[in-house]
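Q: I would like to learn how to read cavities, pockets and surface patches in a model. Where do we begin?

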Amino acid sequence: MDFRAGDSWGIFAFLCAALWNLPAVPALNSTDEAGAGQSIQKTYDLTRYLEHQLRTLAGTYLNYLGPPFNEPDFNPPRMTRAEMVPSATVDFELWRSLNDNARLAANYRAYTHLLCYLRGMDGQVAKADLRKSLGHFCSSLQGLVVSIAGVMSSLGYPLPGSLGSTDPAWAHGLGPVSPHNDFLKKMDDFWLLKELQTWLWRSAKDFNRLKKKVPPAAVTLSLEAQGF
Amino acid sequence: APRSRSSPASESPPHSQPTPFTAKPLPAPRHPALISPQDPTLVIGSSLTAACTVNTDSHLSAEDLYWTLNGRRLPAESYKVLNATTLSVALAHLNGSKQQSGDNLVCHSRDGGILAGSCLYVGLPPEKPVNITCWSKNMKDLTCKWAPGTEGETYLHTNYTLKYKLRWYGRDNTCQEYHTAGPYSCHIPKDLALFTPYEIWVEASNRLGVAVSDVVMLDVLDVVTTDPPTDVHVSRVGDLEDQLSVRWSSPPALKDFLFQAKYQIQYRVEDSSEWKVVDDVGNQTSCRLAGLRPGTVYFVQVRCNPFGIYGSKKSGIWSDWSNPTAASTPRSERIPGVCDPKSGEQNSTLRRELKQFFGWVKKHAYGCSNLSIKLYDQWRVWLQKSHKTRNQVGKDPSLILSYLGGPAGGWRASDLGSTGPYPQRRP
C-alpha cells in the first residue's frame, strides 16, 4: 500500500487524541472489574483477620472444654455432627482446577453452614464472656459471608441456593443435630473449630488466587468503539 | 441404648444409675463404646463408679481399655473387669469440677484412641444470694445488683434470675437484661409503678439445686439517682491565690421530674490521691473553695443527690461524680531572672503608642502617607539582624524618637527600615 505522508500523520494524530481522551473511552466492564478486585482484596483481608480472631477464641474455648481438648496434639475421632461439617481439605489438583465460580461457591456454602453451627454452639456456653466473644466472632463471620456474596455478584455469578438438592445432607435443614451426650458435643465443638480454622487458611489461598486473576484496576481500551 | 443426663435442677444422689427411657427416633450412629453414667451430676466429696462397655463390632475386650480424667491416666488399681467387654473405674472423694463444662472422663483403647467420654459435673448447690441493692435512674428504670452468697464458687454453672412483683398484686415478673452493672446485676427498663412497694428477690439455680434470696421490699421513689451535674467550670477568683470558684448546672432530668437537688464537691491537688469533700453545698449551683495553696493545680468534681421527690423529705442516691475539671490558683511572686519582662512590656506599650501616633500622622501630616506601624516592625526586625545583642532594643525607642525629631520635610520614609546600616546613631 502506498501511504501518503498526510495519512500516516492523520493516523498518528488520531492515536494521540484517543490516548489523550483515555478516561472518556468506554472501557469494557472496567467499573465491575475494579469493584470485584477491591471486593476480593477486602475478602482476603477479612479471612486473615478472622483467622487471627479465631486463634484467640479457640484458645479460650478449648480451655473452657478442659483437658484433653486444649492439649496440643489432641486428635479425637470424628463422630455424628462432625461428619456433617463441610470439609476444607480437598485434593490439591482438584482445588487448583476449580473455576472461579466453583471456588467462590464452595467458600460461600462452607461459611454459611459453619456460621449456623457456630451459632448453635453459642447458646450452650455457660460463661458469659465466652458467649460474648463467640457472638462477636459470629458477626464477623457473617460479614465474611456477605463479602463473598458481594464478590460473586460483582463477577456476575449467581449465589448458591441455600438448600439445593445437590447439597449433602447437612444442607437440608437438619441443622445442628443435638448429640446424645455432652462429651460428644465437646468433640463436635472441637472439630467445628478445627474445620473453621482450616477453611480460613484455605480461603486465604482461594482469594489470593482470585486476586491474581482479577487485578484491582483493569481498564480495557476498545479502539473498535471509535470505528478505527 | 444411649442414656441422657438427668434434668437440670433435680438432685441426683451419687452412685445411682440413671433411669432408662426410650431412645430418640434419630438414626443413631454406632459408637465404639458407651459409658455409664453418662454426664452425671455429683456433690463434692462423693464417690463414683463408672463403666465403659465396648461395642461388640470393635473387636476389643475389657483388657484393652484404660481411663483418663481431664487428660490424666487413672491408676490401674482402680479398674475392675466386669465382663468381657466392660471395664469399670472407681473414683473417690471427688473435688469440684476443673471447668464449668464438666470434667472429662474418657475411656480409651490400648493405642490411646478415644472410644467414649462422659462429663462429670461435681460441685455444690447454690447459696442464697445476698446484699440486693437497687437504684432507679430518674425514676425511669430499676437496676439491681447482688452477691452470690458466702461460698461463691460452686464449680457448676449457676444461673441467677431476678424476680419482682408489686406488693399487693400477685403476678411475678422476671428481669431480662443481665450483667448491665457487673456480673451479678439486672436492669428493668420500663413499666415501673411509683408509690407502691415492690418485692424483689433473686433465685440461684444450678444442676444441684435452687436457692432463693430474702425478699427486699422497696418503693422506686426511695432509690432514685440522677445524672451528674453538667458544665462544671472552675475559675480563679481575681488574683486571690487561695481561692477557686466552682460553677455547674443542675442535671436536666431534675426539671422533668420535679425533684430538688443537693450537691457535694470533692477536690484534690494534682499529685495527691486524697480527696477533700465539701458537704454543705446545699442546692446552689456555685461554690467558692478557700484555703487553697497558691500556684497549685486542683482537680474538682461535683455530684448530685435528688431529694424532695413529690414532697417527701427523704434523699435519694448520690449520682456519679462529674468528670474532673482542672484549674490552678494564681501565684503571687514573679520568678526572678529567667527572662526580663520589663523591656517586653515597654515594647508593647511603646508599639501601641506608635501605632496611634502613625494613625494621627496619616490624617494630619503631609507627605507621610507611607508611614505605618509596619515600618516600625520592619525596623525592629532589621535591628535584630544587624545587632547581635538584644538589650539594644530597649534603648532604641529613644533613638527613633530623636530621629523623628527633625522637621517633617527633613526625612524620608525609605530611610527607616532600609537595608543599609543605621547611620550615625549607633549607640
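A: With a term: a cavity is a set of grid points where a 1.4 Å probe fits but cannot get out, and its lining residues have an atom within 4 Å of a point. The model here is predicted. In this model there are two cavities of 30 Å³ or more, and the largest cavity holds about 90 Å³ of space.

Q: Which element gives the most to the lining of the largest cavity?
A: Strand S9 of chain B does, with four residues. The lining has 14 residues, and those nearest the centre include Asn181(A), Leu184(A) and Leu115(B). Helix H6 (182-213) of chain A and strand S1 (33-36) of chain B also give two or more residues each.

Q: How do the residues of that lining divide into nonpolar, polar and charged?
A: Ten are nonpolar, four are polar and none is charged.

Q: What about the second largest pocket?
A: A pocket is an open set of points. The second largest pocket has about 690 Å³ of space. Its lining has 28 residues, and among those closest to its centre are Ala126(A), His157(B) and Tyr184(B). Helix H5 (128-154) of chain A and strand S12 (159-166) of chain B each supply at least two lining residues. The lining divides into ten nonpolar, 13 polar and five charged residues.

Q: Is Phe195(B) buried or exposed, and why?
A: Phe195(B) counts as exposed because its relative accessibility is 57%, and exposed means over 50%. Phe195(B) sits in the loop between strands S15 (185-188) and S16 (198-206) of chain B. With Leu258(B) and Tyr310(B), Phe195(B) forms a nonpolar surface patch with about 380 Å² of accessible area together.

Terms used
Residues are numbered from 1 along each chain as its sequence is written. Chains are lettered from A and ligands numbered from 1 in the order in which they are written. This is a predicted model: local features need pLDDT of at least 70, side-chain atom pairs count only at pLDDT 80 or more; totals for chains, interfaces and linings use all residues. Side-chain values use heavy atoms; hydrogens and water are left out. Patches are made of residues with over 30% relative accessible area and no salt bridge: like charges are joined within 9 Å, nonpolar side chains (Val, Leu, Ile, Met, Phe, Trp, Tyr) within 5 Å. Accessible areas come from the Shrake-Rupley method with a 1.4 Å probe; for residues, only the protein chains shown count as cover. A salt bridge is a side-chain nitrogen of Lys or Arg within 4 Å of a carboxyl oxygen of Asp or Glu. Buried means under 20% relative accessible area, exposed over 50%, partly exposed in between (1.4 Å probe, protein chains only). On a 1 Å grid over the protein atoms alone, a cavity is a set of points where a 1.4 Å probe fits but cannot get out, and a pocket is an open set with protein on both sides within 12 Å along at least five of seven lines; lining residues have an atom within 4 Å of a point. Grid points are joined across faces, edges and corners, and a volume is the space filled by probe spheres set on the points. Ala, Val, Leu, Ile, Met, Phe, Trp, Tyr, Cys and Pro count as nonpolar, Asp, Glu, Lys and Arg as charged, and the others, Gly among them, as polar.
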